[in-house]
Amino acid sequence: MTAQRIYDTVADDFSHVNDLIIQRLASDVPLVEKIAQYIIESGGKRLRPLLVLLSSRALGYGEDDHLKLAAVIEFLHTATLLHDDVVDTSNLRRGRSTANAKWGNAPSVLVGDFLYARAFEMMVELKSLAIMDVLSHATAVIAEGEVMQLMNVKNPDLTEEQYMKVIHNKTAMLFEAASHTGALLAGAEEPREKALRDYGKHLGLAFQLVDDVLDYQGDAEAMGKNVGDDLAEGKTTLPLIYAMANGGNEERQLIRQAIRKGGLDDLPAILQIVRDSGAIEYTMAKAREQSELARACLDGLEETRHKEALELLTEVAVARVS
């Protein structure tokens, strides 16, 4: 119910964004349009465009360029998903076959490139150098985050500090860019611009931390992916980092070995170690800390239904089951 209230706050805007997304997916190349529509319509929550709409409206924006900006953010996000699934050799996302599983790696990468290009075309139409600066920088940082994560696959020595940098670059950066550019579009003064930028960063970190918890205790059907997928790919996330730091030597060695070889042979034992070590509680505490930091960023905003929705979003971030 809480999540639905958030979307209801900008229901008309959201409907217009969805229409614009479909309109701007048009291509003379049928396969481009087919793959792009498939991934766009695959059931995502569209949190990042939602942030654009709420942030701009919370600061009193009354025109309609925020619709185009929201579509730009969604295209950037979708492009990263297409590329991520190829890099991770993923076959399932949100309960459906990935584009690369259906059409192959090459078409998925190339359609991801098309979405990046279309996003930048629309970005130019906004005629804001400040927004282009934020989004072009964010795109570079996200790519760096992907490379950082790739470099650390099957690396059990990743520290908590390094992990936080990876998830900031890879995930939180686009949340940050969405709320930041929403504030820029609304012509916010510097303190509020910074507050909305930081809000997105902390919210994005909270969402990713919870995602990493769900990999060890989530509902596979609700999540659209299997429990243990991160471990299978050799990804060292915070629950594993904490469990290694706080478990016995035998438990630590088992986790290190599982990360190095990937796969799910040791999943039942790893799940038990993660749960017994307090890693779930620790990671959730970190997520709640980020959620509270995000909420505090909104203190200087006028009381509106859009601000309330942004506040509710910080609660939803740490109360998800999928």
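This is a predicted model: local features need pLDDT of at least 70, side-chain atom pairs count only at pLDDT 80 or more; totals for chains, interfaces and linings use all residues.
Me: Why is His 202 called buried?
Reply: The relative accessible area of His 202 is 13%, and buried means under 20%, so His 202 is buried. The residue lies in helix 10 (residues 190-217).

Me: What makes the pairing of His 202 and Gln 290 a polar contact?
Reply: The side chains of His 202 and Gln 290 are joined at 2.7 Å, and the cut-off for a pair of N or O atoms is 3.5 Å. Leaving aside neighbours within four places in sequence, His 202 is in contact with Gln 290, Leu 293, Ala 294 and Cys 297.

Me: Why is the aromatic pair of Tyr 7 and Phe 14 called edge-to-face?
Reply: A pair of aromatic rings is described by the distance of the centres and the angle of the planes. The rule counts four aromatic pairs here. For Tyr 7 and Phe 14 the centres are 5.3 Å apart and the planes stand at 90 degrees.

Me: How do you know whether Tyr 7 and Phe 14 are buried or exposed?
Reply: Tyr 7 has a relative accessible area of 19%, and Phe 14 has 14%. The limit for buried is under 20%, so Tyr 7 is buried and Phe 14 is buried.

Me: What makes the pair of Tyr 242 and Tyr 282 stacked?
Reply: The ring centres of Tyr 242 and Tyr 282 are 4.3 Å apart, with the planes at 20 degrees. Planes under 30 degrees apart count as stacked, so this pair is stacked. The pair links distant parts of the chain, with Tyr 242 in helix 13 (residues 238-246) and Tyr 282 in helix 16 (residues 279-296), 40 residues apart. Tyr 282 is partly exposed, at 24% relative accessibility.

Me: Which residues of helix 13 are buried, and what covers them?
Reply: In helix 13, Leu 238, Pro 239, Leu 240, Ile 241, Ala 243 and Met 244 are buried. The cover over the buried residues of helix 13 includes helix 9 (160-185), helix 10, helix 12 (229-232), helix 14 (249-261), helix 15 (267-277) and helix 16.

Me: Why is the pairing of Glu 302 and Arg 192 called a salt bridge?
Reply: Side chains of opposite charge can pair when their charged atoms come close. The closest N and O atoms of Glu 302 and Arg 192 are 2.9 Å apart, and the cut-off is 4 Å. The structure holds 20 salt bridges. Glu 302 sits in the loop between helix 16 and helix 17 (305-317), whereas Arg 192 is in helix 10, 110 residues apart. Both ends are partly exposed: Glu 302 has a relative accessible area of 42%, and Arg 192 has 28%.

Me: What is noted about phi at Arg 46 and at Thr 89?
Reply: Arg 46 has a phi near 55 degrees, a positive value in a residue other than glycine. Thr 89 is not a glycine either, and its phi is positive at about 50 degrees. Arg 46 lies in the loop between helix 3 (30-40) and helix 4 (47-58). Thr 89 is in the loop between helix 5 and strand 1 (92-93).

Me: Why is Thr 89 called exposed?
Reply: Thr 89 has 58% relative accessibility, and exposed means over 50%, so Thr 89 counts as exposed. Arg 46, at 14%, counts as buried.

Definitions and conventions
Residues are numbered from 1 along each chain as its sequence is written. Side-chain values use heavy atoms; hydrogens and water are left out. Helices (H or I, at least four residues) and strands (E, at least two) are DSSP runs, numbered from the N terminus. Buried means under 20% relative accessible area, exposed over 50%, partly exposed in between (1.4 Å probe, protein chains only). A polar contact is a pair of N or O atoms within 3.5 Å; within protein, one must be able to donate a hydrogen and the other to accept it, and residues adjacent in sequence count only if both atoms are side-chain atoms. Contact means heavy atoms within 4.5 Å. Rings of Phe, Tyr and Trp (its six-membered ring) pair if their centres lie within 6.5 Å; planes under 30 degrees apart count as stacked, over 60 as edge-to-face and the rest as tilted. A salt bridge is a side-chain nitrogen of Lys or Arg within 4 Å of a carboxyl oxygen of Asp or Glu.
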